[in-house]
Amino acid sequence: MHNLTLAFEGAWKVLLAGLILGAGLPAVFALGIRSLAYGAGGEAEVHEAGTTGPRGHAIGTAGGYVAFALVLLGIALGITFVVATGFGKALSFEHIYPTIVDKH
Amino acid sequence: MTETTVVLILVVITALGFDFTNGFHDTANAMATSIATGALRPKVAVLLSAVLNLVGAFLSVEVALTVTNAVVKIQNSDGTPKAELLADGGQALLLIVLAGLVGGILWNLLTWLLGLPSSSSHALFGGLIGSAIAGLGWAGVKWNGDGSKLDGVVGKVLLPAVMSPVIAGVVAAVGTWVIYRITLGVAKRFTENGFRWGQIGSASLVSLAHGTNDAQKTMGVITLALIASGEWTDTKNIPLWVKIACALAIALGTYLGGWRIIRTLGKGLVEISSPQGMAAESASAAVILASSHLGFALSTTHVATGSILGSGVGRPGAKVRWAVAGRMVAAWLITLPAAAVVGAVMWWIGDLIGGLGGALVVFAILAALATYMFLRSRREPVDHNNVNDEWDAPAEAPKATAGAAS
């Protein structure tokens, strides 16, 4: 039953990475959307019928774009990762910022 | 042209055929949600996915020559074929590979006809396992690894198949739930528009990862056949024409679009909205990438289905059609044994007749059954025009699609 233990070992790592990237990045994206809506005001936010809705806030728009930039960065990392793996390289986070190294 | 050369050509054509079915069977994994929510028009979605699969296939320069080693024993660990299978220009090995591929293709076509997203890698492995049992006996299959790493049918196929949909489902459910919490109070039209972009991005990532993962399986199989028949000797590289042919086959298949499966995944399982679609595709992309990085073999199909199901569970008040999900799980369970039976039967037929004649008959059976299934599919066509029709529409004929059929 060694395979089973090995599989569980792999599985929880995949789950962890999946939660951080697969649920975390979409959450950041959602924050961006919310922030943009706050920035746009008016029809973008839920408000009582008949009123014009809240005013826009410039800070919201800015925050929204920051969030989207973060998500784009995450996707760029993902693509780099796919390409690097294809060429026998790996992404290393030992310097905190990612670098491409040879796979060992 | 010798007999072996003709058999080899048949193997290569069949392998490319499998790659093609792999493409159209799996378009849905990446694009079903984007098509269902209208983020991309159906034709644009399959085109985008095809191009990314093509690019992905070329990015996968990692040698996948030992792909069959996970489940059957027809290769040494360095990728060269087993010496005892090499008599007569490797005909013994070629027949096992040919019969296995035919098993994979036929099962892929049948599940497509029924609109069920089953795993292409399971179909391939199942076919190979069946033909290996027929050709080499039970000992020809690597059932379990040696315990040092995940290996064999149990470690590389069965366990990941059980775990990956659950993992992907949990990730997607959490993602969906969080997204809906965060965007509470934002107007629906505003969120739908915004999330469409996120959806297209995450779906593209899934397509790219699919190209890098799946195309190289076929490349490995073709190169193995070339080595067995003495046409190629380098176990460190794959011939360029093989790479180009495989990339084109998978891209062409993707572009054709398995509309029946797209419909089941996009409309049948869950009524999906843009935020859910994005959560599902992000979960798929993250799980596929993370597991290929950790050497945890899994099927794109199982991950995508688990994700979509999870996005339905995570959204408060969403409707999940568990009956459709149950049919899919049933299809997954029988994919491997069913493809194995076809692979075994094909090997016996090929072996009984023997030599070139046997290979030709097996190929003819494949062509005949494939044509039959294609013609059968024309009776109730599903294409880019009706892929998004309401699942439960009263006007729909009772047998029209997988979810409604018995």
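The questions and answers below concern this predicted model.

User: How many helices and strands does chain B have, and what pattern do they follow along the sequence?

Analyst: Chain B contains 12 helices and zero strands.

User: What is the order of elements in chain A, from the N terminus on?

Analyst: Chain A has two helices and two strands. From the N terminus on, the elements run α-α-β-β.

User: What percentage of the residues is buried in chain B, and what percentage in chain A?

Analyst: A residue counts as buried when its relative accessible area is under 20%. In chain B, which has 406 residues, the buried part is 61%. For the 104 residues of chain A, the value is 36%.

User: Among contacts in chain B between residues at least 6 apart in sequence, what percentage joins residues at least 24 apart?

Analyst: For chain A, contacts with a separation of 6 or more include 30% between residues 24 or more positions apart. In chain B, among contacts between residues at least 6 apart, those joining residues at least 24 apart make up 81%.

User: Which residues of chain B lose the most area to chain A?

Analyst: The interface brings 49 residues of chain B into contact with 40 residues of chain A. The two chains bury about 3,600 Å² between them, and 81% of this area is on carbon and sulfur atoms. In chain B, three residues that together provide 15% of what that side buries lose the most area to chain A: Leu59(B), Ile182(B) and Phe190(B).

User: At what angle do the axes of H9(B) and H10(B) cross, and with which handedness?

Analyst: Helix H9 of chain B spans residues 274-293 and helix H10 of chain B spans residues 300-314; their axes come within 8 Å. The crossing angle is roughly 145°, and the crossing is right-handed.

User: How do the residues of the contact of H9(B) with H10(B) divide into nonpolar, polar and charged?

Analyst: H9(B) contributes Gln276(B), Ala280(B), Ala283(B), Ser284(B), Val287(B) and Ile288(B) to the contact. From H10(B) come Thr300(B), Val303(B), Ala304(B), Ser307(B), Ile308(B), Ser311(B) and Gly312(B). The division is seven nonpolar, six polar and no charged.

User: Which backbone oxygen does the side chain of Thr264(B) reach?

Analyst: Thr264(B) belongs to helix H8 of chain B, residues 259-268. With a relative accessible area of 1%, Thr264(B) is buried. At 2.6 Å, its side chain reaches the backbone oxygen of Gly115(B).

User: How far apart in space are Gly130(B) and Ala339(B), C-alpha to C-alpha?

Analyst: Gly130(B) lies in helix H4 of chain B, residues 120-136, and is buried at a relative accessible area of 2%. Apart from neighbours within four places in sequence, Gly130(B) is in contact with Ala340(B), Gly343(B) and Ala344(B). Gly130(B) and Ala339(B) are 209 residues apart in sequence, and their C-alpha separation is 7.2 Å.

User: What distance separates the C-alpha atoms of Gly155(B) and Trp143(B)?

Analyst: Gly155(B) is part of helix H5 of chain B, residues 152-182. Gly155(B) is buried, its relative accessible area being 2%. Along the chain, Gly155(B) and Trp143(B) are 12 residues apart, and their C-alpha atoms are separated by 8.5 Å.

User: Is Arg55(A) buried or exposed?

Analyst: Arg55(A) is placed in the loop between helix H1 (2-40) and helix H2 (58-86) of chain A. Leaving aside neighbours within four places in sequence, Arg55(A) is in contact with Tyr38(A) and Gly41(A). The cut-off for exposure is a relative accessible area over 50%. Since the relative accessibility of Arg55(A) is 68%, this residue counts as exposed.

Methods: Residues are numbered from 1 along each chain as its sequence is written. Chains are lettered from A and ligands numbered from 1 in the order in which they are written. This is a predicted model: local features need pLDDT of at least 70, side-chain atom pairs count only at pLDDT 80 or more; totals for chains, interfaces and linings use all residues. Side-chain values use heavy atoms; hydrogens and water are left out. Axes are lines fitted to C-alpha atoms, for helices over the stretch in contact, and angles run from 0 to 180 degrees between N-to-C directions. Helices (H or I, at least four residues) and strands (E, at least two) are DSSP runs, numbered from the N terminus. A crossing is left-handed if the near helix is turned anticlockwise from the far one by less than a right angle, and right-handed if clockwise. Contact means heavy atoms within 4.5 Å. Ala, Val, Leu, Ile, Met, Phe, Trp, Tyr, Cys and Pro count as nonpolar, Asp, Glu, Lys and Arg as charged, and the others, Gly among them, as polar. Buried means under 20% relative accessible area, exposed over 50%, partly exposed in between (1.4 Å probe, protein chains only). A polar contact is a pair of N or O atoms within 3.5 Å; within protein, one must be able to donate a hydrogen and the other to accept it, and residues adjacent in sequence count only if both atoms are side-chain atoms. Buried area is the accessible area (1.4 Å probe) that two parts lose on being put together, summed over both.
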